[in-house]
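Hi,

Here is the structure I promised to pass on.

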Amino acid sequence: MAGFSLYCFINPRILFTLPSESPLFVLGSDKCSPETRRRGRKTRGFVVSYAHSNPKIINPKKKSRYGQTLSPYDSDEEEELDDESDDDDDDDWLLNDDFAEVAEYEKKKPKSQKQPIAKKGGKKGIVKSWETPEESETDEDDLDIGISRNVSSEKKKKKKKEKESWRLDGRGKVNSRKYVEKLYPRLSEEIDIDPKWVPLLDYLTTFGLKESHFVQMYERHMPSLQINVLSAQERLDYLLSVGVKHRDIKRMLLRQPQILQYTIENNLKAHISFLMGLGIPNSKIGQIVAATPSLFSYSVENSLRPTIRYLIEEVGINETDVGKVVQLSPQILVQRLDITWNTRYMFLSKELGAPRDSVVKMVKKHPQLLHYSIDDGFLPRINFLRSIGMCNSDILKVLTSLTQVLSLSLEDNLKPKYMYLVNELNNEVHILTKYPMYLSLSLDQRIRPRHRFLVELKKVRKGPFPLSSLVPNDESFCQQWAGTSVDKYLAFRQRLLLKEFANKYEKRG
């Protein structure tokens, strides 16, 4: 009978070590006395733990599925943040530079969370599932005391695992799909979420990402949610260190979720070094990266450098000015410049008789014009300037001096300013060739307040209103034109703005 009891105490639960690709089974014994069954009821049954490792999703040497080399100028403009359509460069990111592999979680796991490994040979090598390795060597003569001690140890170990869990917010274990569905109900309905994604999801929520955003990331590039959280944190920390704002991370990941996979040494640092080599100051690097995160998907040697050479050799931008052009329009790095430049140069040359030097000046001052549509952007504004009495040579002067006119709204900007110029300021349209900046100034914040202020002070002479009074800053304006304090002018402007707002509100009502 003593031997039978000893058998029951020795064998309540034994952990057998199987190959790494097989599940681990913990078996319970039924050959116990009733008293023993009551004492060991909590330890009966099967406990299954599956060995798991994420597959590698990126092969750095993998070629394009079409077998094509990367085009030096392949890109279009970036889409809106919430646009769920794929980028034109979604395939390009696989063709260049080195990308990170999905790290196996077990490699990063703290030692306290790894499953103890049974030693070969001897009873001391057998580790019971509820014991620590030290407890597995308990003297067999003290097994009665060991059972109760092991139960307590199991509870402590459970709490320790929950505390050291790889969830960032300490909400507990995530090895249950039901628990994951409770944490992310909407995401679980949309996609088959793997519990091992939860650490990454928790981390990304610190940047303002929500379940709907994770769905967008999944649809755009599913493997981005399989990245080990430590690797993702390392990459985002690097981007933050080069000047990317915390609030911009969300927008970047929605546009380019592959960023979570790009290696720091061979991709991120290489692209940042390329930007610095253009003469771009460190304070501007973060803004450029945030504005065009897709640049990381383009090879520095096969795409970005050829784009810069094209700007210098074909367009005619001075090498010392290239950095300024990129700062004004980072999207220029990911465009098909051979197409965008030629089509817009040919149009301006044919439509307005613009010489090459004038078009180069436009690109240097406002490289965004290479993104503007000819039919919806260029033509309507050129035709408007013609309709108010400007000839082609005058239009060319205005566009060369103030190229951003091509980006201004006709109904909300250009037309109201023209009407105010003619009806309130008593000026002719040809004055715009001398003061094209007038079209870039705010009608409500600059033009109308200064005009009305000088009228109230009786500082306005008869005839055309001097547009030169609109150019200087507030201090210079008050000193040179109004002869009063800045505070007095600002108070007047505030009253005028409130009055204009009230009038607009009454008209809408």
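Let me start with a charge and a ring: the charged end of Arg356 sits over the ring of Tyr345, 5.4 Å from the ring centre. Bear in mind that this is a predicted model.

Now the overall picture. The chain has 509 residues, 44% of which count as buried, and its secondary structure comes to 22 helices and 3 strands. Of the contacts with a separation of 6 or more, 70% are between residues 24 or more positions apart.

On to the inside. The largest nonpolar core holds 113 residues, and Leu204, Leu239 and Tyr438 have the most contacts inside it. Beyond its neighbours within four places in sequence, Leu239 touches several residues, including Val289 and Phe296.

Then the aromatics. There are 10 aromatic pairs. One of them joins Tyr262 and Phe296, tilted at 50° between the planes and 6.4 Å centre to centre. Tyr262 lies in the loop between α10 and α11, Phe296 in the loop between α12 and α13, 34 residues apart. Both Tyr262 and Phe296 are buried.

Phe384 and Tyr418 also pair: their ring centres are 6.4 Å apart and the planes stand at 90°, so this pair is edge-to-face. It links helix α17, which has Phe384, to helix α19, which has Tyr418. Phe384 counts as buried because its relative accessibility is 10%, while Tyr418, at 21%, counts as partly exposed.

Lastly, ring pairs link Phe453, Phe477, Tyr489 and Phe492 into a cluster.

Cheers

Terms used: Residues are numbered from 1 along each chain as its sequence is written. This is a predicted model: local features need pLDDT of at least 70, side-chain atom pairs count only at pLDDT 80 or more; totals for chains, interfaces and linings use all residues. Side-chain values use heavy atoms; hydrogens and water are left out. Helices (H or I, at least four residues) and strands (E, at least two) are DSSP runs, numbered from the N terminus. Buried means under 20% relative accessible area, exposed over 50%, partly exposed in between (1.4 Å probe, protein chains only). Contact means heavy atoms within 4.5 Å. A nonpolar core is a set of buried Ala, Val, Leu, Ile, Met, Phe, Trp, Tyr and Cys residues joined through side-chain atoms within 4.5 Å. Rings of Phe, Tyr and Trp (its six-membered ring) pair if their centres lie within 6.5 Å; planes under 30 degrees apart count as stacked, over 60 as edge-to-face and the rest as tilted. A charge sits over a ring if NZ of Lys or CZ of Arg is within 6 Å of the ring centre and within 35 degrees of the ring normal.
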